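This briefing goes through one protein model, topic by topic. Please look at the sequence and the structure before reading on.

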Amino acid sequence: MSKFTADYILKMNDIVREGDPILRTVTKEVELPLSKEDKETLLCMLQFLKNSQDPVLSKKYHLRGGVGLSANQIGLDKRMFAVYVKDEEGNAHEYMLVNPKIISHSVTKSYLADGEGCLSVDRPVPGFVPRSERIKVRAYDLDGKEVVLRLKGLMSIVFQHEIDHLNGIMFYDHINKENPFKLPEDASIKS
Ligand SMILES: OCN(O)CCCc1ccccc1
Ligand code: NI
């Protein structure tokens, strides 16, 4: 069994930082049905995200807040990620998915007004990160069942950030070098 069992408390020193070649790796598809080990790793990753957004636990374990985490960020060459996002109404939306594929996307772009950050990047990188406003994703859940998700808003942006990681892409790869705050054509800004 790997270190990342369901009860293992993942901390910041488990997260690899930019410069580690695994962050520039196109990660390998995960075998279905999911092994017990891969299921436990995804549960451990999701728990980290919940802890990182908890006022008490994030302080106790010195965690940076994160809304998503990809397996290669904890050193695993596996095509899988977890997402945990609370919406405006305070409802939590959680996902643990493997072998995701963006099967269609809008022409229109969107980007976060405050730009993006990354748990694997210990420095601010200012600039707009243009992404598809809406995406349709096919992936597989913990039971190996196929899921198709139509996403927009912050969830769409988070999924694109995570799927980028699984393809060795970092958010700042999308920032315009000449003018980081260049407004992409017909893009809608999300705060
Ligand atoms: O890969 C996950 N991660 O580094 C945590 C931050 C995720 C994230 C931050 C801003 C916009 C989209 C996604
Ligand atoms: Ni990231």
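By what part of a helical turn are His161 and His165 separated in helix α3? The separation is about one helical turn, because the two residues are four apart in helix α3. An α-helix has 3.6 residues a turn, so residues three or four places apart point the same way. The model is a predicted one. The points below start with this helix, go on to the metal ion and the ligand, and end with some details of the backbone and side chains.

**Helix α3**

- Helix α3 runs over residues 153-166, and at 1.5 Å a residue its 14 residues should span 20 Å.
- Of the 14 residues of α3, 13 are buried, so the helix is largely enclosed by the rest of the structure.
- His161 is buried because its relative accessible area of 11% is under the cut-off of 20%.
- His165 also counts as buried, at 1% relative accessibility.
- Just after α3 comes Gly168, which takes a positive phi of about 75 degrees.

**The nickel ion**

- Which residues coordinate the nickel ion (ligand 2)? They are Cys118 through its SG atom, His161 through NE2 and His165 through NE2, at 2.1 to 2.4 Å.
- Along the chain, the donors of the nickel ion (ligand 2) follow the spacing C-x42-H-x3-H.
- The site of the nickel ion (ligand 2) has six donor atoms, and the angles among them go from 28 to 147 degrees.
- With these angles, the nickel site is irregular.

**Ligand 1**

- The residues that surround ligand 1 include Val67, Gly68, Leu112, Gly117 and Val158.
- Cys118, His161 and His165, which coordinate the nickel ion (ligand 2), are also among the residues around ligand 1.
- Helix α3 gives the largest share of the shell around ligand 1, with four residues.
- Gln73 has a polar side-chain atom 2.7 Å from an oxygen atom of ligand 1.
- The backbone of Leu119 has a polar atom 2.8 Å from an oxygen atom of ligand 1.
- His165 places a polar side-chain atom 2.9 Å from an oxygen atom of ligand 1.
- Taken alone, ligand 1 exposes 360 Å², and the protein buries 91% of that.

- Arg131 is in strand β5, which covers residues 131-132.
- Is Arg131 buried or exposed? Arg131 is buried, with a relative accessible area of 3%.
- The side chain of Arg131 is joined to the side chain of Glu116 by a polar contact of 2.7 Å, and Glu116 is one of the residues around ligand 1.
- A polar contact of 2.9 Å links the side chains of Arg131 and Asp164.

- Val85 belongs to strand β2 and is buried, with a relative accessible area of 6%.
- Val85 and Leu154 are 69 residues apart along the chain, and their C-alpha atoms are separated by 8.5 Å.
- Asp87 lies in the loop between β2 (80-86) and β3.
- The side chain of Asp87 reaches the backbone nitrogen of Glu89 at 2.9 Å.
- The side chains of Asp87 and His93 are joined by a polar contact of 2.7 Å.

- Most residues other than glycine have a negative phi, and most peptide bonds are trans.
- His62 is not a glycine but has a positive phi of about 55 degrees.
- His62 sits in the loop between α2 (55-60) and β1 (68-70) and is exposed, with a relative accessible area of 66%.
- Asn99 is not a glycine either, and its phi is positive at about 45 degrees.
- Asn99 is in strand β3, residues 92-105, and counts as buried at 6% relative accessibility.
- Which peptide bond is cis? The bond from Leu32 to Pro33 is cis, with omega near 0 degrees.
- Pro33 is in the segment before α1 (36-52).

How values were computed. Residues are numbered from 1 along each chain as its sequence is written. Chains are lettered from A and ligands numbered from 1 in the order in which they are written. This is a predicted model: local features need pLDDT of at least 70, side-chain atom pairs count only at pLDDT 80 or more; totals for chains, interfaces and linings use all residues. Side-chain values use heavy atoms; hydrogens and water are left out. The expected span of a helix is 1.5 Å times one less than its number of residues. Buried means under 20% relative accessible area, exposed over 50%, partly exposed in between (1.4 Å probe, protein chains only). Donors are N, O and S atoms within 2.8 Å of the metal (3.2 Å for Na, K and Ca); water is not among the atoms, so sites may look incomplete. Four donors count as tetrahedral if all angles lie between 85 and 135 degrees; four count as square planar and six as octahedral if opposite donors are over 155 degrees apart and all others between 65 and 115; anything else is irregular. A residue is near a molecule or strand if one of its heavy atoms lies within 4 Å of it. A polar contact is a pair of N or O atoms within 3.5 Å; within protein, one must be able to donate a hydrogen and the other to accept it, and residues adjacent in sequence count only if both atoms are side-chain atoms. Accessible areas come from the Shrake-Rupley method with a 1.4 Å probe; for residues, only the protein chains shown count as cover.
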